[in-house]
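User: I'd like to go through this structure step by step. Could you help me make sense of it?

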Amino acid sequence: MPLFGKSQKSPAELVRSLKDAVTALERGDKKAEKAQEDVSKNLVLIKNMLYGTSDAEPQTDIIVAQLAQELYNTNLLLLLIQNLNRIDFEGKKDVAQVFNNVLRRQIGTRSPTVEYICTKPEILFTLMSGYEHQEIASNCGTMLRECARYEALAKIMLYSDDFYNFFRYVEVSTFDIASDAFSTFKELLTRHKMLCAEFLEANYDKVFSHYQRLLNSENYVTRRQSLKLLGELLLDRHNFSIMTRYITNPDNLKLMMNMLKEKSRNIQFEAFHVFKVFVANPNKPKPILDILLRNQDKLVDFLTKFHTDRSEDEQFNDEKAYLIKQIKELKPLEH
Amino acid sequence: MDPRMCRKISSSESLPDAENVEYEVSNIIAPQESEENFLIEGSPEPNSVSWLDDEQIEDLDLNLDQTNLFFHRVDSADIIYRSKKKKCKMVGKYVMGDVLGEGSYGKVKEMLDSESLCRRAVKILKKRKLRRIPNGEQNVQREIQLLRILRHRNVIELVDVMYNDEKQKMYLVMEFCVGVLQDMLESSPGKKFPQRQAHDYFTQLLDGLEYLHGQGVVHKDIKPGNLLLTLDHTLKITDFGVAEALDMFSPEDTCYTGQGSPAFQPPEIANGAEQFSGIKVDIWSSGVTLYNMTTGRYPFEGDNVYRLLEAIGRGEPAPPPAALGPALGALLERMLKRDPALRPTVNEIKRHVWVQATPPLEAGERLVSPRSRRSDELHTSTVIPYLVERHYASAQEYFTERDLRHELGDGGSRTLSTAELSDGESTRQKRRWHSSCGRLPSCRLT
């Protein structure tokens, strides 16, 4: 029952008038200002239905279910996202809030919105391309990360060609967009362990050739973040076979050895955590062993002087001592 | 079942201290043996006695001649109470509070970081006690080593490690938690949680386990007694004393030793297998934990440890009660498969219907609030009284039953909480304390 005088619009009416307003906005004719107003107003009404307000509880499950059903039937979610850049500042945030709320809806074990988006993957691709537009990037980011929590949706995104755009987004010059894109990128690669491991295994060459570019980026933040993430990925046991594959490639070892010598101490430190895996590997293939042997003395010398001021960090010092010992004891393969 | 079976085999049992004694009875002449307080007083003038604090008493390692003890009757009205000295003590930059819990290795106390004002918990390990526990010192070293690397929302964070060589003590400073699942279960009706609540904790346990296994760490002692809760209901896996780090370069997760708690051990360990899958041990123990949280019982029971292990070894768990519903029943049955290979992986459990759907709170069910045996409802900091004592020290050290009654206005039907008792000083003092810091909302006495 409405709490304040006016009779409340039904979910169907609300969704219809929002859709009309967004369509008018999209057309961009002379009534654009009025349309803008209508969009904002209707978005607030829908948001209040889902979240409630300071003096009204959220609507009952039945009303919310009707609302969700109308949203699916009219494809309004996609329309809203496609026109997100035309909606005003508060409205953009409302779209993200409505989207995330509807997405989280559960009926028993089912998540109807997730199922709906699976049939309409354009929603995901439109959201991902949101990183191309500065004014909607962060709104799309919040929606994308909410989507990434669901394995089915994460899978669609990972296995799409659009996923490789992330390697570009995380490097853009606007810092907050790049960071937002990186956190989504990381979420996609780490959230669902088995899915990620399968994906990386199946697309190893493509992903890591792209990844290599991040590690060589001109941008310090990109280099550092991607190196850190690489360490996390390789040291996670779920990615065991990816790790074993990565550490057999001499180019990867060379890259890490170069990063050990970078100017930035943070990058040196992160590189150390990847480098140690190459050295600790009990079954080093010949090309890796050769590189290490060729640089044996230099490496021992380098590591002995490496970050000596980290005396507090026992873990690091133990690992360093272990690596030095390993490298000292390296012997060429017989025959 | 004997609660002892829920603890580790390897730990030598120490007496749990009976009560959080806030009062010391001071006019008893005969020596009295007690875990908490050991007072010998010859003269009625208390000033002539040098008091020992709890820890000093424990350090004495007393072995009293039992025959020397005799009953000594003192009329209750004559008992003089003395509020326990809240002597403010600092270890490093931390202010010590009260005991939160106790294990075989030593005590866990609350602390306050005097620089960041963060509440912390400290595990105090005594070399002397550690030496008595098989592999004690080794286990602690391993725990420290593991906790240093691990960083996850659902894994306890080790904040700091301090050593006191003189006292032969080690302090492991950790995140502050308000309760152990085990204690909550014991205090709840039917010793179980509503499914809604168990579901919340179980999914967090899965997140923590997934992370641990991803880091190549097998916990090997998952049980409600090793799951803590923070104020915001975040579950923290703790006690890595018997955990093991897997070989990074081996695709297998083979382990050779099992030292966990009997009731939570899988059949392969109960049957003494030489090697077994470490990860599947954690899956089994999580299954027993879930069984226990939702039914208040254990899938295997026995009159003693041998019977229990025998029952586990046969691997026929008591079927989950039908009241749990088919989804949860099926999940439990799968997690408690005798053959480790048939048990699901964490990822498979996460996809299970019972885990996917949040069970509703049934009519009449109430959520159990996190609590330990010692904390009050609001989880007030126990460090504050020490700070109050330090800065607003009271003059009156002794008071009698009569004082107490007067203070509480006949105190007839009201039951005293220990907190009230310890603050039960004369009204004059109270006023002073109020006037000095009552203006700060966080300092207000409740």
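This is a predicted model: local features need pLDDT of at least 70, side-chain atom pairs count only at pLDDT 80 or more; totals for chains, interfaces and linings use all residues.

User: Which residue takes a positive phi in the hairpin of β3(B) and β4(B)?

Analyst: This hairpin has two residues between the strands. The phi in question is near 60°, and the residue that takes it is B:G92.

User: How many bridges join β4(B) to β5(B)?

Analyst: Strand β5 of chain B covers residues 107–113 and runs antiparallel to β4(B). If you want a spot to check, B:M96 stands opposite B:M111 in β5(B). The hairpin of these two strands has four residues between them, and B:G106 there has a positive phi near 155°. As for the bridges joining β4(B) to β5(B), the count is six.

User: Okay, now the interface. How much area do chain A and chain B bury between them?

Analyst: The contact takes 21 residues from chain A and 21 residues from chain B. On chain A, the trio A:T109, A:R237 and A:Q315 supplies 34% of the area that this chain buries against chain B, more than any other three residues. Of the area buried between the two chains, 55% is on carbon and sulfur atoms, and the amount is about 1700 Å².

User: Which residue forms a salt bridge with A:E314?

Analyst: The rule finds two salt bridges across this interface, along with six residue pairs in polar contact. In the one with A:E314, the closest N and O atoms are 3.6 Å apart, which is within the 4 Å cut-off. The partner is B:R148.

User: Which helix gives the most to the side of chain A that touches chain B?

Analyst: Four helices of chain A each supply at least two residues to that side: α12 (193–202), α15 (240–246), α17 (265–280) and α20 (314–328). The top contributor gives three residues, and that helix is α20(A).

User: And how do the residues of that side of chain A divide by type?

Analyst: Sort them into nonpolar, polar and charged.

How values were computed:
Residues are numbered from 1 along each chain as its sequence is written. Chains are lettered from A and ligands numbered from 1 in the order in which they are written. Side-chain values use heavy atoms; hydrogens and water are left out. Contact means heavy atoms within 4.5 Å. Buried area is the accessible area (1.4 Å probe) that two parts lose on being put together, summed over both. A salt bridge is a side-chain nitrogen of Lys or Arg within 4 Å of a carboxyl oxygen of Asp or Glu. A polar contact is a pair of N or O atoms within 3.5 Å; within protein, one must be able to donate a hydrogen and the other to accept it, and residues adjacent in sequence count only if both atoms are side-chain atoms. Ala, Val, Leu, Ile, Met, Phe, Trp, Tyr, Cys and Pro count as nonpolar, Asp, Glu, Lys and Arg as charged, and the others, Gly among them, as polar. Two strands pair if DSSP finds at least two bridges between them.
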